[in-house]
Amino acid sequence: MKKNPYGLFGLRRLLPQLRSYRTPLVLMLLTSALGSIVDIGVPLFQRYALNHFVALGTLDSFPLFLILYLAVILGSAGLNYISCIYGMKIEVGVDMDLRNAAFSHLQTLSFSYYNQNSVGYIHARVMSDTSRIGELCSWTLLNAVWQGCYLIGAILVMLLTNARLALPVIAILPVTALIFSLFQRRLTQVNREIREVNSRITGNFNEGITGARTIKSLVIEDRMEKDFTADTEDMRRKSIRAARLRGLFSSTMHFASSMALALVLWKGGYIAASQIGTFSMFMSYAQGMMEPVRWIVDAVGGLITTQVNIERLCTLLDTKPEVLDRPEVLERYGDTFHPKRENWETLIGDIEFQDVSFRYPDGEETVLEHFSLKIPFGTCLAIVGETGAGKSTLANLICRFYEPTDGRVLIDGRDARERSQLWLHSSIGYVLQAPQLFSGTIRENLLYGNPEATPEQIDRALELVSARDFVDRLEQGLDTDVGEGGDLLSTGEKQLLCFARAILCDPRILILDEATASVDTITEQKIQSAIDTVIRGITSVVIAHRLSTVRNADWILHMEDGRIVEQGTHEQLMAARGGYWRLYTRQYEDEITLDALG
Amino acid sequence: MNRSTADTLFNRRMLRDFLRGSRLFFLLSMLASVLSALADLVAPQIVRIAVDHVIGGAPAEQLPAWAARLLAAAQGQGTMQRQIALLTAALLLVALGKVLAQYGYEVSKTRAAETLVKTMRDRLFSHLERLPYAWHMHNSTGDIIQRCTSDIETLKNFLAEQMTNLIRIVILLLLSLSFMLGMDPRLTLIAMLPVPVIILYSFFFHRRIGEAFLDCDENEGLLSAIAQENLTGVRIVRAFGRERYEQDRFEAQNSLYTDKWMKLARPLAAFWSIGDVLSGLQILLTVVFGALFCLRGRMRPGTYLAFLSYCAMMTWPVRMLGRMIADMSKAGISLDRIRAIMQAPEEEDAGQRLTPQIRGEIVFDHVSFAYEDNAEVLHDVSFRIPAGTTLGILGGTGSGKSTLVMLLDKLYELSEGQGQIRIDGVNIRDIRTDHLRRSIGMVLQEPFLFSRTIAENIAIHDGEVSRGQIREAARAACLDETVMGFAKGYDTLVGERGLTLSGGQKQRTAIARTLVQRTPILIFDDSLSAVDTETDAKIRSSLEARFGSATVILISHRITTLSKADRILVLDHGQIAEQGSHEELKTAGGLYQRICAIQSGLGEEAAE
């Protein structure tokens, strides 16, 4: 197995997070061990009842017997109650703490991390790895201790009562454990395969439903069905294989118990004549011992599988952000979570690229080489080019989502690294191609960038983006719930709100990243006219797929394959009759035609 | 027949259909669980005989016949030792039987449930593929997928775990009851006394706690959604500097969710502990009364031991039973949700199901159409496209051009009084739908590609297409060069983990996919919008060269594209505003002329 860089089961790395659970953990294990020890006592009562009352035919100590027996039942239940409560506390508490730690750390990680890992992957680290670890720290541990104590206790009692009878019974245990662990490993493997097929089947359903029109047009229903059936058949076969393993697993356990019982009968039948109670006790232990073995094997298996979760979570927590504020900057400006706003200078909005070279951390090609450009306060810079031409790179550098490999980006004449990220970000408005809202009401979303905005400001922003009408038409107006990711609204409506949100934070720098690319023409016009008003008096970077806004920009960069191929004003570039001219005429033609068609 | 009987009948028919192929294994699993229970119950009997008869010397007359014969076989010297050895062997034999039965139970129950689930999934998928397009438009994708995945999963758990376990437990209970009654009715009564209490207690507890569990699940969903939104919206979070707010929001929901569970800790722990006490009391009752009975000579110690074994055996199954019954209602809800899909009628050919050789003459004869009760999107549209010619369509959003091609592809059907569409003189109503669609190649503006390789995507309609044919089609669509530039060429996977194709590349893949089918009718629904002008021209000329004989419908708003069409239709708000050739229309004084003027004057205007 791969060596774990995080020490003992990887848990050591998480110790700081787990430290506060030391007391509950100790109490849980203690009560669980005690509960188990008390539970071992139950067969002793059967033994006594038989050896004493039945064999001797007397009831002399009966009341005491009854009281003790009841005490054992209640005591064991009470101890189990306490350990359960602690187990629960630890589980949900560890879950919560680890989730918070992971989430909080993610807020500081740089964009390169997000580009290298899919949302699904990161999400699983926050939600499922943590809960696996929580389960390991609570129930897996609790069970292992309970069952382990039971097993040891039972072995001791048997050895003390009758060693000759006990030894052969005990000898069955290691063999059973060995067989269990063999099955366990294979079962884990098959279960993983089953999960994979399962996600394939879900993907199939997804495709069959979202692609319904294409499937019908192509008349490939039969083919899709055939492929689907192959996957479900695979699922069926793998599940049956898993069932075979499970069957072998439980059969082994049953057989081991029966073996133990048979041994007790064969070797111990003679004691039944004189000491039927001891015989009965042996029967109980012999049969009850296999269950703990199974649990312990399960716990070990669980620990091994959880290993992966622990490692992944630790890797996440140990990932260092690539864009970091320097200690002296943190000192003066405060960190992401504790800003010192009183020390912040007002941001004006002068941007300058000074001899900037840049390569994405996960990329091989240098996308900017010795690039210099002044974007004085109030300028509108437009960046055009085909999808995938790298138009967002400059915006990423301005926002300091990435830092130049070489050279400097100056904000208001000072290196961006001399001030904190939050200082910069607090003055930036950003609108993306895919509108991104958060669950909550319209108002909450609008206030996202500026929680202090007044109702008048909200009104003005809505007015500006022509979103008044649709918000007013909603029954609950601003208090309408937008659903997860804003999905209860149409794409156009969402984009209008995103734009209003950006305006509301009163940005000094506004970045429009293909803000109109995925909306309908009417919304586009609304946004377009708002843009013209809003960008007056602030610095703006317009990344455009459609070119009508670009015309009025102060400076235009045309990018192809991640490089800047042309730059200049609209007039200069049109006169040059190069790539920009071609791009522009084609788009202009499309736009004006669609306009004429209505 | 009223609605509920119809529903019930449908349910029964659906279940019967689903059960095909798995019924036998369900029966086998039940048989196996009877055998397994019997083996469980016989083992203590063997011990009882050993203790009471062999060791305890009880009269042989009270023995069951099989045991008497068995013990008689070991008569002779060292009788007791030999008899015990014999009984031990019998015990192992029973254990072997138990092991086989247990294994058989596990495998046959899974085989039954998995086969059933497979049938269910297959039927559901097949049904979904054959539901009318209108149905798909009408229902939310998320909801359908939810039904196809989680609801099926719930049903599977019910079938593979709850139902089979329930049957197994009931069998075990009934059999052990009869064994116990056979030994001593009074002690049976005492030992079984707590059983109904335990079952009812667990049932009511889980019924009540069910809502709290649901509440926890919902809160977990909310928490998960916050994380999801934060991760997908990372740009916004950072650009607006809202990390702190996000963290607070996550932590608040995290605490809320954790609190919900913490509130459950006490009731759950209490439930388990009280369960422990009840089970403990059941055994205590048996221990105490058994001992008393033995003491008074009413019972033999072996019988007493057997009773104890039976009680231990029953403890867990009995404690699980209540929960299982409480959880069963979930499966019913899921079944209803799946039924709702299965009950929707599939696409059906209403007409004569003809399969004529299609040459490609298309006639729209006074076609009007509205989606359900909405306003008309097409009004009295009539035109004719002679076979082998090209029709260009110019129209804005909402002009009805997309509806037009959907009607031709029978994705929506015209009803009586809405006019007719004829191909080669045959009303498409009377043409078998699959035959019709196979004759029409359609490329959409935003094409849907499957998460398979590029080659598989191009050849999706027919697995037999050769690589040569695939490349030829790709060449015609100006895609070959691009694809050969990918590291894995045609075996590049389209989709999430593979390469993200640009809009233009997707369109060209879709064009190649359509071309490889060599259909007599081709429709390009704004499908060259994302490729540049040069590629657009190249694709069109290669189309003309290779597929000259096909009837083509070309929807576009580029005059350069439209001008090559034999005839052009200008659609405006569901009606034909103009029709004619490019030469005729460009001077007709209508919308077309205006657009022509705009687009031809552009070079100069833009350069100003």
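How many residues of chain A are in contact with chain B, and how many of chain B with chain A? In this predicted model, 118 residues of chain A contact 111 residues of chain B. Helix 9 of chain A, residues 221-274, gives the largest share of chain A's side, with 28 residues. That side divides into 63 nonpolar, 40 polar and 15 charged residues.

**Chain A overall**
- Chain A holds 21 helices and 10 strands.
- Its radius of gyration is 35 Å, whereas the globule rule gives 25 Å for 598 residues, so chain A is more spread out than a compact globule.
- The C-alpha trace of chain A spans about 115 × 65 × 55 Å along its principal axes.

**Burial and contacts in chain A**
- Of the 598 residues in chain A, 46% are buried.
- Take the contacts in chain A between residues at least 6 apart in sequence: 79% of them join residues at least 24 apart.

**A:T441**
- A:T441 sits in a loop of chain A, between strand 6 (428-431) and helix 15 (442-446).
- Is A:T441 buried or partly exposed? It counts as partly exposed, because it has 15 C-beta neighbours inside 10 Å, while a buried residue needs 20 or more and an exposed one has 12 or fewer.
- Leaving out residues up to four places away in sequence, A:T441 touches A:L478, A:D479, A:T480, A:D481 and A:V482.
- A:D481 lies 40 residues from A:T441 along the chain, yet their C-alpha atoms are separated by 4.2 Å.

Definitions and conventions:
Residues numbered from 1 in each chain as written. Chains lettered and ligands numbered in written order. Predicted model: local features only at pLDDT ≥ 70, side-chain atom pairs only at ≥ 80, totals over all residues. Helix = DSSP H or I, 4+ residues; strand = E, 2+ residues; numbered from the N terminus. Rg over C-alpha atoms; globule rule 2.2 N^0.38 Å. Contact = placed C-beta atoms within 7 Å. Nonpolar A, V, L, I, M, F, W, Y, C, P; charged D, E, K, R; others polar.
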